Amino acid sequence: MLGKPVAHSLSPVLHEAAYRALGLDGWTYDRVEMDAGGLPGFVDGLGPEWAGLSVTMPGKRAALDFAAEATPRAVAVGAANTLVRKESGGWLADCTDVDGVVDALRIAGGYHPKPGDTGLVLGAGGTAAAAVVGLAALGVRAVDLVVREPARAVETVESAEKAGLVVNVRPWSEADFSALAANAAVVVSTVPPAAVEPIIDVLAGVPCLLDVIYHPWPTPLADAVAARGGQLATGLDMLLHQAFGQVEHFTGLPAPREAMRDALRSATGGILPLPLG
């Protein structure tokens with residue numbers, strides 16, 4: 001796994017559990033501190049024994065630029081969290097973060113889109129780009145994007161448009177959160193808990209929330225939504241579901257989902273059920 005910092009990452013828990021369950025005794029998965037500038041040279045120097053790489057920030061855009069080939073969803077997100085060695089040489093870039101968003105909402109959050117659904121996304125960082133592409137994959141056709149600085153939302157807007165979404169950018173200071181919440185079938189919050197504290201009461205009635213924060217859990221926003229009967233998905237659900245696709249890319253085998261889920265639950269003290277559907 002490449003990123004900076006990566007010491008806190010739970011991805012090794014998932015991958016090592018998968019390789020054990022699959023009987024791949026010689027396989028290893030390690031953390032490597034790596035910034036975006038160092039990624040191309042590092043990957044170029046890898047031998048043929050390397051099957052693939054997970055990539056986290058700040059290297060996801062560099063991974064996409066480096067790869068010889070990319071999946072449509074990686075192109076739409078504008079970033080890659082997965083590099084897979086191709087038989088012909090070179091590397092394929094994918095973004096299984098989209099799987100993480102889709103299945104976290106569908107399985108943990110119980111979200112089943114209806115025609116005309118609108119999503120609400122808070123924040124415009126890298127997770128927000130994956131979120132809008134994931135919402136489009138689920139069938140959402142429009143999204144309100146609320147950000148502190150609209151000028152910094154350009155890449156997320158481009159991701160939404162590439163995925164076929166109608167996107168409306170709302171400055172945080174001017175947003176009518178009451179109206180936005182009333183119009184939203186699903187909400188994705190990619191911002192710190194403190195940022196939403198002033199509007200928790202307004203957002204509490206939304207039917208489905210994906211809060212990408214999972215430590216500490218529950219967040220005040222998640223508590224409020226649950227108290228009103230809303231359904232919840234978390235960043236930990238996202239982490240689990242994005243890892244399945246990576247394992248399948250790297251090994252060519254079906255991901256051992258129960259073993260991976262159980263390992264992640266054990267490593268996090270069982271704070272969340274992490275349903276598999």
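Select K60 and D97: these two residues form a salt bridge, with the closest N and O atoms 2.7 Å apart. A salt bridge here is a side-chain nitrogen of Lys or Arg within 4 Å of a carboxyl oxygen of Asp or Glu. The model is predicted, so local features need pLDDT of at least 70 and side-chain atom pairs count only at pLDDT 80 or more, while totals for chains, interfaces and linings use all residues. Residues are numbered from 1 along each chain as its sequence is written, and side-chain values use heavy atoms, with hydrogens and water left out.

Helices (H or I, at least four residues) and strands (E, at least two) are DSSP runs, numbered from the N terminus. Both K60 and D97 are buried. Buried means under 20% relative accessible area, exposed means over 50%, and partly exposed lies in between (1.4 Å probe, protein chains only).

**The other salt bridges**

How many salt bridges does a search of the whole structure find? The search finds 9.

Go next to E69 and K86, whose side chains meet in a salt bridge at 2.6 Å, N to O. E69 lies in strand β4 and K86 in the loop between β5 and β6, so this pair ties together parts that are 17 residues apart in sequence. E69 is partly exposed at 39% relative accessibility, and K86 is also partly exposed, at 25%.

Then select E149 and R152, which form a salt bridge with an N to O distance of 3.9 Å. Here E149 is partly exposed, at 45% relative accessibility, whereas R152 is exposed, at 63%.

Finally, pick R73, D94 and D99 together; a network of salt bridges links these residues.

Show the strands as a cartoon. An open sheet is formed by 4 strands in the order β3-β5-β6-β4, with mixed pairing. Its edge strands are β3 (52–54) and β4 (69–70), each of which pairs on one side only. Two strands pair if DSSP finds at least two bridges between them. Strands of a sheet pair through backbone hydrogen bonds, either parallel or antiparallel.

Walk across the sheet in that order:

- β3 pairs with β5 (residues 82–85) in the antiparallel sense over 3 bridges; select G52 to find its bridge partner in β5, V84.
- β5 pairs with β6 in the antiparallel sense over 4 bridges; T82 has D94 as its bridge partner in β6.
- β4 and β6 run parallel and are joined by 2 bridges; E69 has L92 as its bridge partner in β6.

Now follow the chain through the hairpin of β5 and β6, where 5 residues lie between the strands. Select G89 in this hairpin; its phi is positive, near 95°.

Which way do the side chains of β6 point? W91 and A93 point one way from β6, L92 and D94 point the other way, and all are buried.

Turn to helix α12 (residues 235–251), which packs on the sheet and touches β3, β5 and β6 (91–94). Contact means heavy atoms within 4.5 Å. The direction of α12 makes about 15° with that of β5. Axes are lines fitted to C-alpha atoms, for helices over the stretch in contact, and angles run from 0 to 180 degrees between N-to-C directions.

**Aromatic pairs**

The structure holds 3 aromatic pairs. Rings of Phe, Tyr and Trp (its six-membered ring) pair if their centres lie within 6.5 Å; planes under 30 degrees apart count as stacked, over 60 as edge-to-face and the rest as tilted. Select F42 and W50: the ring centres are 6.2 Å apart and the planes stand at 85°, so the pair is edge-to-face. F42 is partly exposed, at 24% relative accessible area, and W50 is partly exposed, at 31%.

**Cysteines**

Last, select C95 and C208. A disulfide is a pair of cysteine sulfur atoms within 2.5 Å, and by this rule the count comes to 0. C95 is in no disulfide; its nearest cysteine sulfur, that of C208, is 20 Å away. C95 is buried at 2% relative accessibility, and C208 is buried at 3%.
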